[in-house]
Amino acid sequence: MSKTIMWFRKDLRLDDNTAFNKMIEQSKKTEELICIFQLNPLQFLENSYNQEAFFCSLSNFYEHLKTHHITLHFLYGNVAESFSELKKAYPDWRTIYFNKDERGFGRERDQQMLDSFESMAIQVNAYQDSHLHGVEEIKKPTNESYKVFTPYYKKWMQMPKRPYEKMSKHSQSFVTLTHPLFHRGEKEFRKIVEKIALPFDYECGEDVAENVLKEFISKHLQDYQKARDYPALDQTSKLSRFLRTGEISIRKIWHALNAEPESDGRQTFISELCWRDFYNMIYFENPIQKTQEIKEQYRQLKWQDNQELFERWKNGQTGFPIVDAAMRQLNQTGWMHNRLRMIVASFLTKDLMIDWRWGEKYFQQKLIDYDSASNIGGWQWAASTGTDAVPYFRIFNPTRQSEKFDHHGDFIRQFIPELKHVPNEYIHEPNKMPLALQEKNGLSIGKDYPEPIVEHSKIRSEVLDFFKASIT
């Protein structure tokens, strides 16, 4: 009896899983179906909320599969060697199904494995499952790729979207194998799970993701356009972490949105889904973008190498309350409000003139919804080095941003308890509080909360000179 493998990656669900559904539809009753997850230590990160959260989701999925009488088998080590050893152990393995990665490390791995599978005479069935449109689907009339979002969005909206498909019913036999390869993989998986020590609650799984989607649509979608920019309101979708692990299908979200009446909030959220596809395409077109600026004229920028200021930024000790509250939210919860991601990225790259790569790498460690394409795209946008990025002469004023999007300081007080009793008129610039008022409120600026580490009003001319120097 021949064996067919389903290789799970960032698609931890059975519902509307393209590769899984195709395997069910196309395999014969005489085939034995095997589910695999390959653990590659090259992808592991030290001290990473990102990784620990993913393995929470993977552990949940492992248990969920059991309820469907499916065993998830683990391989560990070099990916090519793992599957080569598997073929030697099971020569009757003939076919593999998986949802492919289109950019970054995953794309390189998949290209390598296509050659490896061909050499082993394994039939490959690979599908684009993670985005509404793949990296090469949206093109200009000249067949060139877009570099600017707005025309990409217009074309994207015109393109038909694939339907949402529930898990296919099946009568095939999923088997449990007991080879030493899987014993080792299981042992390594258990080691990773046992070390998980997230300092916050982390709910995961297909059912949780579906409930989050339903709650967002019923309570927050209509007002999303206005409310999404105010962190104290907490009215963003919170779906990004489930898309990152594949615990919910992007088509399921699209289907749910299109069942709702037209509104500004609905259209704004749809545009966010388009941004996700856009950045995925940009990463495909610029495979070096994690380590190099997309705009060539800015590749010679001499960023500040100031570890002390970077640590102050990381720990929420800059003296700019909205920046500090945002960073503390990240450190305490593994998540940051989208408006705040732009503010802190602008502050690091423009006010401190520290390399955007430092910030991107820190976000990779801390964000439970880390997506390389969107994260790199966002950082290069803020640093003015990416495609369709904010112009270098546009510099976020953290105080004005704070006044506009956290007017009464509710969010600031939530994450900076030392500013809890600061009057509203000083909440955005506590360093301007008179000493008598500081004493009255039991607060000493410079001791209990830091003075601003830079003078924003004087930074603009330095930033302009910094960027102009790389152009001339």
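The questions and answers below go through parts of a predicted model and set its computed values against the definitions in use.

Q: What kind of model is this, and how are its residues numbered?
A: The model is predicted, so that local features need pLDDT of at least 70 and side-chain atom pairs count only at pLDDT 80 or more, while totals for chains, interfaces and linings use all residues. Residues are numbered from 1 along each chain as its sequence is written, and side-chain values use heavy atoms, with hydrogens and water left out.

Q: How do you know that the length of α6 agrees with that of a helix of 15 residues?
A: Helices here are DSSP runs of H or I with at least four residues, strands are runs of E with at least two, and both are numbered from the N terminus. The expected span is 1.5 Å times one less than the number of residues. For the 15 residues of α6 (residues 180-194) that gives 21 Å, and because the end C-alpha atoms are 21 Å apart, the two agree.

Q: Which residues of α6 are called buried, and what puts them on the same side?
A: A residue is buried under 20% relative accessible area, exposed over 50%, and partly exposed in between, with a 1.4 Å probe and protein chains only. In α6 the buried residues are Leu181, Phe182, Gly185, Glu188, Phe189 and Ile192. They cover an arc of only 125° around the axis, and therefore lie on the same side of α6; the arc is that of the directions from the helix axis to the C-beta atoms. Pro180, His183, Lys187 and Glu194 are exposed on the other side of α6.

Q: What covers the buried residues of α6?
A: The cover, judged by contact (heavy atoms within 4.5 Å), includes β2 (32-39), α2 (49-67), β3 (72-76) and α3 (79-89).

Q: Why is His73 called buried, and which residues does His73 contact?
A: His73, which has its place in strand β3, has a relative accessible area of 3%, and so counts as buried. Leaving aside neighbours within four places in sequence, His73 is in contact with Ile34, Cys35, Ile36, Phe37, Val175, Thr176, Leu177 and Phe182. A polar atom of the His73 side chain lies 2.8 Å from the backbone nitrogen of Leu177. A polar contact is a pair of N or O atoms within 3.5 Å, of which, within protein, one must be able to donate a hydrogen and the other to accept it, and residues adjacent in sequence count only if both atoms are side-chain atoms.

Q: What makes Asp129 a buried residue, and which side chains does Asp129 join by polar contacts?
A: Asp129 lies in the loop between β5 (123-127) and α5 (149-158), and its relative accessibility of 4% is why Asp129 counts as buried. Its side chain makes a polar contact of 2.7 Å with that of Arg13 and one of 2.6 Å with that of Arg251.

Q: Why is Asp101 called buried?
A: Asp101, found in the loop between β4 (93-99) and α4 (104-119), has a relative accessible area of 18%, and therefore counts as buried. The side chains of Asp101 and Arg109 are joined by a polar contact of 2.9 Å.

Q: Which residues of α12 are buried, and what covers them?
A: In helix α12 (residues 307-314) the buried residues are Leu309, Phe310, Trp313 and Lys314. Their arc is only 140° around the axis, so they are on the same side of α12. The elements that cover them include α13 (321-333), α14 (338-351), α15 (356-366) and α16 (372-382).

Q: Why is Leu435 called exposed?
A: Leu435, in helix α19 (residues 435-440), has a relative accessible area of 62%, and so counts as exposed.
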